[in-house]
Amino acid sequence: MSENPFQFGNPVPPHLFVDHKRQLRTVVNRILNLGQSTAIVGEPRLGKTSLILYFSSRIYRSYLFGKDHVSFHFLHLDAQRLDCEITPNLFWRTILEPLGNHLIKLTKKPMLASAYMQCVEHDFENQLLGDLFSLLHENNHLAILIIDEFDSLLNCKNLLIPSFLGCLRSFASLSKGMSLIIASRLDLEALTQRTREIYAGGSPLTNIFAEVRMSCFSQSDSMVLLEKGNEYFSPKDRAFISKISGGHPYFLQAAAYFLWDAYNDETIPVETRWKYACEQLYPYVANTMKETWKLWSPSVKKVFIVISLNDIPQLIQKENFDINFLIDSLDDYEPELRILERQGFLKNTHGSESNAGYQVSAEAMLWWISDEIILSIRDGGDLGKWLIDQQWDGLLKKGEKNTATACGEFFGRMAKRRNRCFY
Ligand SMILES: Nc1ncnc2c1ncn2[C@@H]1O[C@H](COP(=O)(O)OP(=O)(O)O)[C@@H](O)[C@H]1O
Ligand SMILES: [Mg+2]
């Protein structure tokens with residue numbers, strides 16, 4: 001039995017990382033360009049933490065950062081693991097400790113160790129922290145603070161004060177000895193909204209960052225990843241995985257993992273391997289889509305549902321029902337369509353026969369959305385109620401509501417026949 005080369009669940013270790021080239025280039029160039037700060041934003045499981053592990057790993061440092069890397073200090077903190085009572089003093093102590101240990105061993109530069117010790121002895125006072133970062137810069141060192149799951153930091157009430165967030169901002173923007181990289185499910189606009197009242201007229205923390213958005217893999221990156229399965233996978237298998245996962249890194253890895261598993265398990269009949277992979281994959285898709293859904297604005301949700309409704313009849317069975325009214329209404333939703341396309345959740349089909357101009361990239365997302373709709377109908381609500389629960393009310397015009405109800409009836413009928421796996 002050969003070892004499964006696919007990995008999902010934990011962030012991928014650097015040697016299994018498939019390039020998110022554009023995102024990587026931005027983070028690296030900004031660090032090299034005077035330690036500028038970056039926010040890596042994206043829905044869960046698009047690869048934020050994997051990207052962080054890659055650019056901060058020792059193995060790839062000289063490849064990515066050239067000779068400068070020797071004086072870079074990558075300091076990680078996962079904000080999800082912080083006690084929500086954490087104080088600024090404890091925050092700095094936790095994140096700077098590995099740097100302090102390194103500076104203490106650096107006998108050639110005793111003033112750096114001494115500046116760090118001053119911070120420790122005086123509860124990481126802002127003035128002393130500023131001195132430490134300036135001294136690091138004067139000695140060609142750069143502390144790169146990486147805060148993963150930054151949105152969780154907003155639950156730590158003791159940190160939501162101007163003296164903490166303001167200093168974090170000024171160290172990262174003014175002192176060249178410190179760079180700040182955050183990873184967040186919320187984008188910068190949402191983070192700014194959430195922290196707005198803290199600043200009372202001052203500059204928000206968020207305006208020092210360039211935003212790097214994670215997205216699904218391109219077709220060529222998906223194929224690079226699937227090459228790891230060459231021992232078993234036929235071109236048809238690869239096309240199948242690509243189609244159900246739509247290049248979503250987590251879905252792609254999980255689908256490939258389960259298909260590999262099916263090849264390795266002699267009790268699974270050859271002709272049911274795809275079905276097996278779909279069934280195993282589904283719970284992971286459902287969990288991730290639920291988390292993703294929570295982050296989307298009502299108008300992004302609307303766009304995604306309309307495109308899904310348009311796609312589903314092709315997937316389940318060709319039925320005649322009139323979706324054109326909803327499709328026409330998408331003319332007012334160009335920004336949302338572009339966001340979903342840029343992130344890889346939708347693919348542009350302009351120029352093809354598709355009437356909507358877009359398609360949901362991953363078939364597995366359609367399984368989830370059709371289940372959500374079916375469940376909402378079965379559990380007593382009609383699609384209209386479901387749409388209200390999803391905060392759609394008000395976005396739908398009267399005519400659209402009628403069409404939506406018609407779709408609800410359609411799905412009610414479909415639910416009886418629905419077989420989760422389409423293969
Ligand atoms: N660059 C990558 N190369 C290969 N697989 C990846 C990559 N990025 C993400 N993945 C897949 O997606 C999963 C989730 O990645 P992770 O970094 O934990 O996402 P996030 O931090 O955005 O939630 C990983 O377990 C892996 O299966
Ligand atoms: Mg993560």
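Helix α11 (residues 249-264) and helix α12 (residues 273-295) pack at an angle of about 150°, with 8 Å between their axes, where an axis is a line fitted to C-alpha atoms, for helices over the stretch in contact, and angles run from 0 to 180 degrees between N-to-C directions. That makes α11 roughly antiparallel to α12, since angles over 145 degrees count as roughly antiparallel, those under 35 as roughly parallel, those from 65 to 115 as roughly perpendicular and the rest as oblique. The model is a predicted one, in which local features need pLDDT of at least 70 and side-chain atom pairs count only at pLDDT 80 or more, while totals for chains, interfaces and linings use all residues. Residues are numbered from 1 along each chain as its sequence is written, and chains are lettered from A and ligands numbered from 1 in the order in which they are written. The helices (H or I, at least four residues) and strands (E, at least two) are DSSP runs, numbered from the N terminus.

The crossing of α11 and α12 is right-handed, the term for a near helix turned clockwise from the far one by less than a right angle, with anticlockwise giving left-handed. Among the residues that meet here are Tyr250, Phe251 and Phe258 in α11, and Tyr276, Leu281 and Tyr284 in α12; contact requires C-beta atoms, placed from the backbone, to lie within 7 Å. By class, this contact of α11 with α12 has 13 nonpolar, two polar and one charged residues, with Ala, Val, Leu, Ile, Met, Phe, Trp, Tyr, Cys and Pro counted as nonpolar, Asp, Glu, Lys and Arg as charged, and the others, Gly among them, as polar.

Helix α11 also packs with helix α10 (residues 235-245), their axes coming within 9 Å and crossing at roughly 140°. That makes α10 oblique to α11, and α10 passes α11 in a right-handed crossing. Asp237, Ile241, Ile244 and Ser245 of α10 make the contact with Phe251, Leu252, Ala255, Ala256 and Leu259 of α11, a set with seven nonpolar, one polar and one charged residues.

Another helix pair is formed by α5 (residues 110-121) and α6 (residues 126-138), whose axes come within 9 Å and cross at roughly 165°. That makes α5 roughly antiparallel to α6, and their crossing is left-handed. The residues in contact include Met111, Leu112 and Tyr116 in α5, and Leu128, Leu132 and Leu135 in α6; by class they divide into 10 nonpolar, one polar and one charged.

Turning to the strands, five of them form an open sheet in the order β2-β3-β4-β1-β5, with parallel pairing, where pairing means that DSSP finds at least two bridges between two strands. The edge strands, each pairing on one side only, are β2 (72-78) and β5 (210-213), and the twist averages 20° from one strand to the next. Strand β1 (residues 38-41) pairs with β5 in the parallel sense over four bridges, and Thr38 has Ala210 in β5 as its bridge partner.

Finally, there are 22 residues around ligand 1, of which Gly47, Lys48, Thr49, Ser50 and Gln253 come nearest; a residue is near if its C-beta atom, placed from the backbone, lies within 6 Å. The elements giving two or more residues to this shell are α2 (48-55) and α11. By class, the shell around ligand 1 has 11 nonpolar, nine polar and two charged residues.

Key. Contact = placed C-beta atoms within 7 Å.
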